[in-house]
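Student: Could you take me through reading some features of a structure, beginning with the general idea and then turning to the case at hand?

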Amino acid sequence: MNVSDSERVATQLAAEGYEITARESAADVVLLNTCSVREKAEHKLFTRVGQVGKAAAERGVKKPLLGILGCVAQLEGETLFARSQAIDFVLGTRAVGRVSQAIEKASGGQKFYADLGEREETYDWAVTGAQRHSPYVAFVPIIEGCNKFCTYCIVPFSRGREKSLPASEIVRHVARLRREGIKEVHLIGQNVNSYRPRTDDGLGEFRGATQFSRLLRAVAATGIERIKFTTSFPRDFHPDIVEALNEHENLCNWVHLPVQSGSNRILKLMRRGHTIENYLERIDKIKSSPRRIALTTDIIVGFPGETDEDFQATLDLAEYCKFNSAYVFKYSPRPGTPAHEMSDDVSPQSKTERFLRLDKLIRFHQREVFDDYINRTLEVLAEKISGKHSGQISGHSTCQMVVNFEGVRDLLGKIVKVKILESKANTLYGKIC
Ligand code: SAM
Ligand code: SF4
């Protein structure tokens, strides 16, 4: 979501005549887009702010204008000016459409300019090719914000309430990307399957049990080669999503379904709205598909009150699900959330031990899952020349695995069949067949 936000800010500034540079020493304005999901990400911001001022001082030049965007900007607002003199302006998560006004105000001498306002009704969600992270893959936001208020999570405070984009706009956006040569779109949002637009405009002829599964069918009908979507919220994961995947080959075989914990007691304290039993029903439905759907998840270890038994239940769950991969996080208390008021009683040492044990188990299963791809043929989008091995191309399979194979530059942007010969760390290796 943050990469997508940055792409849109760059698109807008370029359209208004600004020149975008990735070289900090060449920049008159530096924008830092921030994350506040965990404390560590917040700390990084202040390290970067310090580096920007220091680099300018070392070169004996004036410090560039420094703007802070994103979740930390939204949450901390004007208080950021007191924490660092180097910050010139602050733009909240829904105020990014007014970035050029902020730059003009700050460069005109206005001090401590902050805009934490709402998004304009006319906000343009499009990104130009020059500002996209990939020439072949595009992010398409379909819903912003979150209404779920899981007790540990800052997102509903930093990103505001859920707001779904009209289906007609999403479908037009994907159709345009297809015409521009994009091969793969990622429909993105904090919880894509909570998609609930105000009207059915754009969904009309497409059937489905939920507006999200109807949207999947509508986007599939654009004929774009590949459609991925993330993140799915377990409580709202309707079996019809798997039916849609079964019907349309261009809906990719990958589901990211964050479970957070294997213990019902902890899930209740987290206020996730799902139990392990409901979660496993969804996993069984996904695994029952005739397609090989890859499963990934997020898990938090060391949530307040998590006992050894609760943690064992998480290990048991990982054993059952055999995820393709998982993001494991140590619980990080976020001020303003309900869990911040609970006692953070799992010691840092236990959090680290649990993190390492779970990570080891997930990697063990990952090996099994990865090795099972050997001798199978995967369709891979050739995205770039591999950074590590020249002569090799790197891309993603429909199941979101990184696949490397020998190939020439002309293949970039094409979807090729690759026979998998080897699996190492997080990558599969194969040859074109
Ligand atoms: N909406 C998605 C869902 O509910 O599944 C997740 C979005 S959240 C930005 C990404 C991940 O960050 C979460 O799935 C969770 O595992 C992790 N996370 C959120 N708050 C956290 C916290 N306070 N400490 C540690 N990890 C956290
Ligand atoms: Fe955070 Fe929960 Fe919303 Fe996901 S669903 S963004 S974890 S509050």
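This is a predicted model: local features need pLDDT of at least 70, side-chain atom pairs count only at pLDDT 80 or more; totals for chains, interfaces and linings use all residues.

Student: How should I read the packing of two helices, and at what angle do the axes of H12 and H13 cross?

Tutor: Two packed helices are described by the angle between their axes and the distance between the axes. Here helix H12, residues 308–321, and helix H13, residues 348–371, have axes that come within 10 Å and cross at roughly 15°. Angles under 35 degrees count as roughly parallel, and H12 and H13 are therefore roughly parallel to each other. The crossing in which H12 passes H13 is right-handed.

Student: Which residues of H12 and H13 meet?

Tutor: From H12 come Asp308, Phe311, Gln312, Thr314, Leu315, Ala318 and Glu319, and they meet Arg354, Arg357, Leu358, Leu361, Ile362 and His365 of H13. Divided by class, the residues of this contact of H12 with H13 are six nonpolar, three polar and four charged.

Student: Are H8 and H9 roughly parallel or roughly perpendicular to each other?

Tutor: Helix H8, residues 211–220, packs with helix H9, residues 239–247, at an angle of about 10°, and their axes are 9 Å apart; H8 and H9 are therefore roughly parallel to each other. On the H8 side the contact involves Phe212, Ser213, Leu216 and Arg217, which meet Asp240, Ile241, Glu243, Ala244, Leu245 and Glu247 in H9. The contact of H8 with H9 has five nonpolar, one polar and four charged residues.

Student: What is the angle between H1 and H5?

Tutor: For helix H1, residues 2–15, and helix H5, residues 99–107, the packing angle is about 65°, with the axes 9 Å apart, and H1 and H5 are therefore roughly perpendicular to each other. Val9, Gln12 and Leu13 of H1 meet Val99, Ser100 and Ile103 of H5, and this contact of H1 with H5 divides into four nonpolar, two polar and no charged residues.

Student: Turning to the ligands, how many residues surround ligand 1, and which are the closest?

Tutor: Ligand 1 is surrounded by 18 residues, of which the closest are Gln190, Gln260, Arg272, Asp298 and Ser332. To read such a site, one can go on to individual atom pairs: a polar side-chain atom of Arg272 lies 2.7 Å from an oxygen atom of ligand 1, and a backbone N or O atom of Tyr152 is 3.0 Å from a nitrogen atom of ligand 1. An N or O atom in the side chain of Asn191 is 3.2 Å from a nitrogen atom of ligand 1.

Student: What surrounds ligand 2?

Tutor: The shell around ligand 2 consists of Cys146, Lys148, Phe149, Cys150, Tyr152, Cys153, Val155, Pro156, Gln190, Asn191, Phe233 and Arg272. By class, the residues of the shell around ligand 2 are eight nonpolar, two polar and two charged.

Student: Where do Phe112 and Arg271 lie, and which peptide bond is cis?

Tutor: Most residues other than glycine have a negative phi, and most peptide bonds are trans. Phe112, although not a glycine, has a positive phi of about 50°, and Phe112 is found in the loop between H5 and strand S4 (113–115). Arg271, also not a glycine, has a positive phi of about 55°, and Arg271 lies in the loop between helix H10 (264–270) and helix H11 (276–287). The peptide bond from Thr230 to Thr231 is cis, with omega near 10°, and Thr231 lies in the loop between strand S9 (226–230) and H9.

Note on methods:
Residues are numbered from 1 along each chain as its sequence is written. Chains are lettered from A and ligands numbered from 1 in the order in which they are written. Side-chain values use heavy atoms; hydrogens and water are left out. A residue is near a molecule or strand if one of its heavy atoms lies within 4 Å of it. Ala, Val, Leu, Ile, Met, Phe, Trp, Tyr, Cys and Pro count as nonpolar, Asp, Glu, Lys and Arg as charged, and the others, Gly among them, as polar. Axes are lines fitted to C-alpha atoms, for helices over the stretch in contact, and angles run from 0 to 180 degrees between N-to-C directions. Helices (H or I, at least four residues) and strands (E, at least two) are DSSP runs, numbered from the N terminus. Angles under 35 degrees count as roughly parallel, over 145 as roughly antiparallel, 65 to 115 as roughly perpendicular and the rest as oblique. A crossing is left-handed if the near helix is turned anticlockwise from the far one by less than a right angle, and right-handed if clockwise. Contact means heavy atoms within 4.5 Å. A polar contact is a pair of N or O atoms within 3.5 Å; within protein, one must be able to donate a hydrogen and the other to accept it, and residues adjacent in sequence count only if both atoms are side-chain atoms.
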